[in-house]
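Reader: I would like a close look at one part of this model, followed by its setting in the rest of the chain. Please give the cut-offs as you go.

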Amino acid sequence: MLIRDAEIEGRRIADLRIEDGRIAAVGRGLERRADDTVLDAGGAALLPGLHDHHLHLVALAAAQASVPCGPPQVRTADDLARSLRAAGDAAPATGWIRGVGYDESVAGDLDRDALDRWVTQRPLRIQHRSGRLWILNSAALERVRAADEADPLERSSGRPTGRLYDADAWLRQRIGGERPALHAVGRLLACYGVTGVTDTTPHNGLAEFAAFARARAGGELCQDLIVMGDAGLDAAAECHGLRRGAHKFHLHDAELPDFDATCAAIRRAHAAGSGAAFHCVTRADLAFALSALREAGTDAADRIEHAAIAPPELLAQIRELGLAVVTQPNFIAERGDEYRVRVDADERPWLYRLRGFLDARVRLAGGTDAPFGDPNPWAAMQAAVTRRSGGGAAMGADEGLSPEQALALFTCAGERPGGPARRIAVGAAADLCLLDRPWARARQDLAAVAVRATLKGGRRIA
Ligand SMILES: [Zn+2]
């Protein structure tokens, strides 16, 4: 393949020859060979394919087949009732209705009785947008209740409330069902120029790894994939384009795990050749993770997911321990208005920081956290530049990045989050995305960028 007149690294216009999945030549006026397919870039920017360093593929696929239950699609209880009823009419008579992205701003705290007012005939489950909570209606409770009562269902005076916290594995086991196919997710990501992803789902184990391997081998998913998960992954056999990632430690400050056990688990991860990745959305989560990493010792592959609240003293420790941070700049745009209400004023300056990390020379990479965030990395990059909530409020404006820094969050290698941006150079894998405009125009509004073509290993995937 020959790419004509591409703008490379925002500076020069050149042609690119791609052979055997790699960039074979870069230069002006490369000769067209008889068997060359030609892609005319017309002076638009050609970039390394993007890597989303934090998302959840299976949940994203499931979300695409679910009813949105929160903003922006659904904002009021009436909207929600309408959407659920419509989904009920469309679903097979005995089928589940699955809602996602619920936020209390829609209809307050939900329980089974609230859900029963909307849907009684079919089992309905709605996931809170934190991803930690499911709410089930009475028909759904009927389907999942265990005979022995040894279940994780929340109860009030002995009666299940319909609320189920942090029990995805249990719920999956009760409901059964197939893993959703990943075709649509792969295509969607390819349209954004994404050629690699890191799946950060904590319960990924051997079975999930094998399913990802099948999805890649069968062409369902064309992106390179790094799979984080639990210690079960240690035995997984890596293959082309599919690698084991860090062990994921999912912290919730209300219920932090045993400190010594956590240190032991970090050492086990390191001994198995993996990093440790800590989900930290509160100051307490982060303080706990940093203490445990300090005690257990660190590895270059260790990372903090989110680091949603990073006050100066903890940021200094992140730097000292040499940890990478994988942030979600899109949350400022998507949830900023909610943060302004829910996050204490004294912590708001430390919310989803960006420039503060770069200034301290902390390695920083970006992930959308789809489906809990919008999967469009271009919207995330623009949010990193503007630091504005959906309602237009400035959120820690001094944490904003330049468009080039925002892009770099998604162009560093999956194995080295926050490391150097991948380059377009002879010998590099032809994982590329061609924009619809030159960089000088793209940088004015990254959210407006459209990707004209995406290449993975020299093959066009979008
Ligand atoms: Zn996540």
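In which loop is P72 found?

Author: P72 is found in the loop between β7 (67-68) and α2 (77-90). Helices (H or I, at least four residues) and strands (E, at least two) are DSSP runs numbered from the N terminus. The model is predicted: local features need pLDDT of at least 70, side-chain atom pairs count only at pLDDT 80 or more, and totals for chains, interfaces and linings use all residues. Residue numbers start from 1 along each chain, as its sequence is written.

The peptide bond that joins P71 and P72 is cis, with omega about 5°. A cis bond also joins A370 and P371, again with omega of about 5°; P371 sits in the loop between β19 and α14. Most residues other than glycine have a negative phi, and most peptide bonds are trans.

On the phi side, D5 has a value near 50°, positive in a residue other than glycine. D5 belongs to strand β1 (residues 2-8) and is partly exposed, with 17 other C-beta atoms within 10 Å. The burial classes rest on counts of other C-beta atoms within 10 Å of a residue's own: 20 or more is buried, 12 or fewer exposed, and in between partly exposed, with C-beta atoms placed from the backbone. R361, not a glycine either, has a positive phi of about 60°. R361 is in the loop between α13 (355-359) and β19, and with 10 C-beta neighbours inside 10 Å it counts as exposed.

As noted, P371 lies between β19 and α14, and both of these elements pack against the buried residues of α15, as do β5 (45-48) and β6 (50-55). Those residues of helix α15 (residues 403-411) are A406, L407, A408, L409, F410 and T411.

Helix α14 (residues 377-386) also packs on helix α12 (residues 330-342), at an angle of about 75° and with the axes 6 Å apart. The axes are lines fitted to C-alpha atoms, for helices over the stretch in contact, and angles run from 0 to 180 degrees between N-to-C directions. The two helices, α12 and α14, are therefore roughly perpendicular; that class covers 65 to 115 degrees, against under 35 for roughly parallel, over 145 for roughly antiparallel and oblique for the rest. In this packing N330, I332 and A333 of α12 meet A379, A380 and A383 of α14, where a contact means C-beta atoms, placed from the backbone, within 7 Å. By class, the residues are 5 nonpolar, 1 polar and no charged.

Neighbours within four places in sequence aside, A289 is in contact with L251, F278, C280 and I304.

For the chain as a whole, there are 16 helices and 22 strands. The radius of gyration is 23 Å, close to the 23 Å from the globule rule for 462 residues, so the chain is as compact as a globular protein of that length. This radius is taken over C-alpha atoms, and the rule is 2.2 Å times the number of residues to the power 0.38. Of the 462 residues, 47% count as buried.

How values were computed: Contact = placed C-beta atoms within 7 Å. Nonpolar A, V, L, I, M, F, W, Y, C, P; charged D, E, K, R; others polar.
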